[in-house]
Amino acid sequence: MGLTSCLLRHHKRCDDLFADAEGACADGDWEAGSRLFLAMDAEIERHFKGEEEILFPAFEAATGMRFGPTEVMRDEHRQMRALLAAMKQAQERQDGDAFGGHADTLLVMMQQHNMKEENILYPMCDRALDENALGESLQASLHPVA
């Protein structure tokens, strides 16, 4: 199945939560939008942390590539975090135009980012890393104990 298969599935979960939060806010249901946005934001942050704290360091140690694809992904994570913060502020103000604008930008960025991970970085990680050594830690980072 591959070490990164859990991350592929988690991309889908984050995408679904994004669509739900964006839809609720676009419909003016700010209460549901707030709840869904917080869930989406938490899942995206959980995803970023799993990559930044587990996958990327292991890949860099195994390959010696410290300023390659993982650094590009970290930079994109920073940009997406800034967009999420702007979306949160717009959501709290119930500013549909600002929320929608930031959401549109984030959606394009997430799609491009995920394509790079899924088609380039994840296959590289699957080839370079031992699934048994990291798989459990990566899975646990995406599914914390409630």
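Glutamate 52 is found in helix H2, and that is a friendly place to start our tour. The protein has five helices and zero strands, where helices (H or I, at least four residues) and strands (E, at least two) are DSSP runs numbered from the N terminus. This is a predicted model, in which local features need pLDDT of at least 70 and side-chain atom pairs count only at pLDDT 80 or more, while totals for chains, interfaces and linings use all residues. Residues are numbered from 1 along each chain as its sequence is written, and side-chain values use heavy atoms, with hydrogens and water left out.

**Overall build**

- Along the sequence, the pattern reads α-α-α-α-α.
- Taken along the principal axes, the C-alpha atoms fill a box of roughly 45 × 30 × 20 Å.
- Of the 146 residues, 41% count as buried; buried means under 20% relative accessible area, exposed over 50%, and partly exposed in between (1.4 Å probe, protein chains only).
- Of the contacts with a separation of 6 or more, 77% are between residues 24 or more positions apart, with contact meaning heavy atoms within 4.5 Å.

**Surface and charge**

- The accessible surface comes to about 7,600 Å², and carbon and sulfur atoms hold 53% of that surface; areas come from the Shrake-Rupley method with a 1.4 Å probe, and for residues only the protein chains shown count as cover.
- There are 14 positive and 27 negative charges, and their mean positions lie 4 Å apart. Lys and Arg count as positive and Asp and Glu as negative, leaving out His and the chain ends; each charge is placed at NZ of Lys, CZ of Arg, CG of Asp or CD of Glu.

**Helix H1**

- H1 covers residues 5-26, which makes 22 residues, and reaches 32 Å from its first C-alpha to its last, close to the 32 Å expected at 1.5 Å a residue. The expected span is 1.5 Å times one less than the number of residues.
- Among the buried residues of H1 are Cys6, His10, Cys14, Leu17, Phe18 and Ala21.
- Their cover includes helix H2 (30-63), helix H3 (69-93), helix H4 (96-128) and helix H5 (131-142).
- Just after H1, glycine 28 takes a positive phi of about 80 degrees.

**A loop residue to look at**

- Glutamine 94 sits in the loop between H3 and H4.
- Although glutamine 94 is not a glycine, its phi is positive, at about 55 degrees.
- Most residues other than glycine have a negative phi.

- Glutamate 52 touches Pro57, Arg74, His77 and Arg81, once neighbours within four places in sequence are left aside.
- Between glutamate 52 and alanine 86, 34 residues apart along the chain, the C-alpha separation is 22 Å.
- Leucine 121 belongs to helix H4 and counts as buried, because its relative accessibility is 2%.
- Leaving aside neighbours within four places in sequence, the contacts of leucine 121 are Phe56, Phe59, Pro69, Thr70, Met73 and Lys116.
- Alanine 133, in helix H5, is exposed, with a relative accessible area of 53%.
- Alanine 133 is 25 Å from valine 72, C-alpha to C-alpha, and 61 residues away in sequence.
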